[in-house]
Amino acid sequence: MTRTASTAVSSGKQMLSDQVYAHLRDAIMRGDYAPGDALKPQDLAKEQGVSLAVVREALVRVVGEGLADRLPNRGFAVPDFSDRRWQEIAEARRTIEPILLRMSIERGDVDWEARVRAAHHRLARTPAWVPQESEYYSDAWSEAHRLFHRTLLEGCGNPVLLETFDRLWTASELARRWSAHRNPDRDDAAEHRCLEEAALARDADTAAETLARHLTLTAAGLEA
């Protein structure tokens with residue numbers, strides 16, 4: 001096989017892997033797989049019309065994002081509600097994010113205030129639930145939610161700390177959707193409004209306490 005042909009084959013395999021990965025990630029996020037459900041490579045390969053090698057490569061990527069587990073001698077599965085990782089991630093976020101919010105309130109300028117207000121307005125005006133899309137949060141709301149929380153912390157001006165936030169946010173997205181699904185009466189809108197008000201009032205103590213409580217409620221929702 002020539003180098004050109006080999007490169008084409010490799011590129012084609014990567015494209016297929018990307019497609020299967022995107023399908024798996026979206027299916028898990030939508031709730032097509034319940035917590036603890038097995039992800040069987042053979043079934044996925046047949047369903048997607050690709051090789052086992054392509055499916056396994058995609059599964060490894062999903063595992064890397066914390067959306068699946070690789071179980072010794074048992075293949076792959078969606079994590080369970082009871083997985084300790086969710087509480088560990090929540091603890092990490094409660095430790096780091098209130099500190100970043102305090103830094104943002106101390107360092108953020110008028111432009112930061114404007115971005116916070118705009119991000120909250122977008123979040124408040126975006127429907128959280130789109131029944132025909134998923135039983136979980138809509139993709140549009142999830143992105144508006146991420147942008148609001150990140151914008152609150154961006155005033156800290158430290159890209160290394162913000163990268164840590166990004167990693168923890170991605171790792172906790174599945175647990176966040178599960179928690180909301182199990183606790184539909186929780187008033188997220190009020191919690192986010194309090195966060196915005198405290199941040200823009202430059203009330204660091206209230207803002208940090210509100211954020212810590214907000215994160216705690218999400219983790220507690222998985223234990224309900």
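Helix 4 and helix 6 are oblique to each other, because the angle between them is about 55°, and angles under 35 degrees count as roughly parallel, over 145 as roughly antiparallel, 65 to 115 as roughly perpendicular and the rest as oblique. Helix 4 covers residues 84-107, and its axis runs 7 Å from that of helix 6. Here an axis is a line fitted to C-alpha atoms, for helices over the stretch in contact, and angles run from 0 to 180 degrees between N-to-C directions. Where do the two helices meet? Glu97, Leu100, Leu101 and Ser104 in helix 4 meet Leu152, Leu153 and Glu154 in helix 6, and contact means heavy atoms within 4.5 Å.

A word on what you're looking at: this is a predicted model, in which local features need pLDDT of at least 70 and side-chain atom pairs count only at pLDDT 80 or more, while totals for chains, interfaces and linings use all residues. Residues are numbered from 1 along each chain as its sequence is written, and side-chain values use heavy atoms, with hydrogens and water left out.

Now step back to the whole chain. The protein chain has nine helices and three strands; helices (H or I, at least four residues) and strands (E, at least two) are DSSP runs, numbered from the N terminus. Reading from the N terminus, you pass through them in the order α-β-α-α-β-β-α-α-α-α-α-α. Along the principal axes, the C-alpha atoms fill a box of roughly 65 × 45 × 35 Å. Of the 224 residues, 43% are buried, where buried means under 20% relative accessible area, exposed over 50%, and partly exposed in between (1.4 Å probe, protein chains only). Take the contacts between residues at least 6 apart in sequence: 70% of them join residues at least 24 apart.

Let's start the walk in helix 1 (residues 3-30), where you'll find leucine 24. Leucine 24 is buried, with a relative accessible area of 0%. Which residues does leucine 24 touch, leaving aside its neighbours within four places in sequence? They are Tyr33, Leu39, Leu44, Leu59 and Val62.

Leu44 turns up again in helix 2 (residues 41-48), where Pro41, Leu44 and Ala45 are buried. Looking down the axis of helix 2, you'd see its buried residues fall within an arc of 100°, so they line one face of the helix. That arc is the one made by the directions from the helix axis to the C-beta atoms. There's a handy rule behind such faces: an α-helix has 3.6 residues a turn, so residues three or four places apart point the same way. Just after helix 2 comes glycine 49, with a positive phi of about 70°.

Leu59 and Val62 belong to the buried set of helix 3, along with Val54, Val55 and Ala58. Down the axis of helix 3, the buried residues fall within an arc of 135°, so they too line one face. Helix 3 (residues 52-64) has 13 residues, and at 1.5 Å a residue it should span 18 Å; its end C-alpha atoms are 18 Å apart, which agrees. The expected span is 1.5 Å times one less than the number of residues. After helix 3 comes glycine 66, whose phi is positive, near 80°.

At its start, a side-chain oxygen of aspartate 109 comes to within 3.1 Å of the backbone nitrogen of aspartate 111. Trp112, Val116, Ala119, His120 and Leu123 are buried in helix 5. They fall within an arc of 100° seen down the axis, so they line one face of the helix. That buried set packs against helix 4, helix 6 and helix 8 (188-200). On the other side of helix 5, Val110, Asp111, Arg117 and Arg125 are exposed.

Back in helix 6 (residues 139-154), have a look at serine 142. Is serine 142 buried or exposed? At 9% relative accessibility, serine 142 counts as buried. Its side chain makes a polar contact with the side chain of arginine 177 (3.2 Å). A polar contact is a pair of N or O atoms within 3.5 Å; within protein, one must be able to donate a hydrogen and the other to accept it, and residues adjacent in sequence count only if both atoms are side-chain atoms.

Our last stop is arginine 202, in the loop between helix 8 and helix 9 (204-220). Arginine 202 has a positive phi of about 60° although it is not a glycine.
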